[in-house]
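Please have the viewer open as you read.

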Amino acid sequence: MIDMEERIMIENGTRLDGRRFDEVRPIKIEVGVLRNAVGSAYVEWGKNKVIAAAFGPREVHPRHQQSPIKAIVRCNYNMAAFSVPDRKRPGPDRRSSEISKVISDALTGQVFVERFPRTAVDVFVEVLEASAGTRCVALTASSLALADAGIPMRGLLVGCAAGKINGEVVLDLGKEEDNYGEADLPVGIEPMTGEISLMQMDGHFTREEFDKALGLITEASKGIHEMMIEALKRRYSEV
Amino acid sequence: MDRELIPDIERGYISRLIRERKRTDGRGFEEFRPLSVEINPYGSAEGSARVKLGNTDVIVGIKMIIGEPYSDRPASGVLTTVAELRPGASEFFEQGPPKAESIELARVVDRGIRESGAIELDKLCIVEGEKVWVLFIDIHALDFDGNLIDAAGIAAIAALKNATVRASDHEVGDDFPLPVVESPIPVTVYKVGGELLLDANLVEETVAEARLTITMDEKGDIRAMQKGGTANLTVEEVQRAMDLAQKGSNNIRDLLAMD
């Protein structure tokens, strides 16, 4: 997000895609979408399409990673080669390693890991179509997949970002807003407590702008949390 | 060796100290360890700095080559940051390809420098669309006693500010100082035993529940952030971390007399 020529992304208080400043893109959630995974979830968020598969608690491979006192929770974030305009070379890269790490940390804090020593809980995230904010969608989908797998957790996590475009703090940057915006703050939040489990930021925020951005995310997370609960209920009322 | 295996007894001891508002080495919660910066100790690098923060010892070297620009930024130099956590620096570091820990370190340091616009990358263009300077920031950890992010971030900006573009070696004009116009300083706030503190040493960092790195520019605006660790932070804790980071970065700036 280096300064580029000013691009008008707000007209008459409305964003490029017609959203208000405090509005998230349309979200669609489905739980239990894969047969082999113990738990799974599919999240469509704007043009993002992300699927998460959860396994465990199960044996730890490689063995030396196991902990005698608790379960380890590992998330692997992976972008499909066709998920971005220029084909992404398959396999891990530095960006995906970092995202996997911050999501793993966030999920570990939610799972009652002391109950399952010497085991692993694994979540595999596949980004099928990427359009800004995939790590937030990945966190949301991972949390749902763990819930679907019946892993005991303190609560669900919502991933949501806020950023700055044309000097205004807005919720959930879209693709073009992300490319030409001035700041982005992806956050993982536990809506029941308002606590923060994941936080990254890049760009340029004053302290006031940061506070405003975090406020927008906190408020939005409640609505997204409702949608997650609804999706889980739908899944289990069908059975 | 797994850092998780720090014995519970040690964990308990540190938490107890923290509750009494004490630290293992007697420092205040907002107090950094002694900081020393050695500028350009290595002549082979275009710029270098060796930073000691207590017993944490890290070198940053700047190297530059001529390469191609990215197609979407044809008139801009290219910045790459890599961190090596050498096994000699700690029994927690192992030989082999970079692990998530070193990738995260490099990316957090990189983000602060990149997002603050510290380097005027447009001045590193030689022929638009064809030839630009490609700049490498190599972080080399020599001795690890906690808080590597802050030490590496300080070393990186110190090395950049004292780097020379060796244009004459490549027959593309006269040498010139690397154009650096900002001093982003990352400050990591650690949550240990429920309390927030700065510049954790190794034991404190190992038992820390969470950390939040905040990189501020000279104005005190926020340029990059990274949370680590598994515990959640309340919004109030994030706000306090901001205040601490502000104070910490001012202190470091004073120590470096960068401004």
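## The largest cavity

Lining the largest cavity are Val108(B), Val109(B), Gly112(B), Ile113(B), Gly153(B), Pro184(B), Pro186(B) and Thr215(B). A cavity here is a set of points, on a 1 Å grid over the protein atoms alone, where a 1.4 Å probe fits but cannot get out, and lining residues have an atom within 4 Å of a point. This is a predicted model, in which local features need pLDDT of at least 70 and side-chain atom pairs pLDDT 80 or more, while totals for chains, interfaces and linings use all residues. Residues are numbered from 1 along each chain as its sequence is written, chains are lettered from A and ligands numbered from 1 in the order written, and side-chain values use heavy atoms, without hydrogens and water.

The whole structure has one cavity of 30 Å³ or more. The largest cavity holds about 40 Å³ of space, a volume being the space filled by probe spheres set on the points, which are joined across faces, edges and corners.

## Cysteines

How many disulfides does the structure hold over all chains? There are zero, a disulfide being a pair of cysteine sulfur atoms within 2.5 Å. Cys75(A) is in no disulfide, and the nearest cysteine sulfur, in Cys136(A), is 13 Å away. Cys75(A) is also buried (under 20% relative accessible area, with exposed over 50% and partly exposed in between; 1.4 Å probe, protein chains only), at 6%.

For Cys160(A), the closest cysteine sulfur is that of Cys136(A), at 6.3 Å, which is too far for a bond. Cys160(A) is buried too, with 0% relative accessibility.

Terms used: 1 Å grid on protein atoms, 1.4 Å probe; cavity = no way out; pocket = protein on both sides within 12 Å on 5 of 7 lines; lining within 4 Å.
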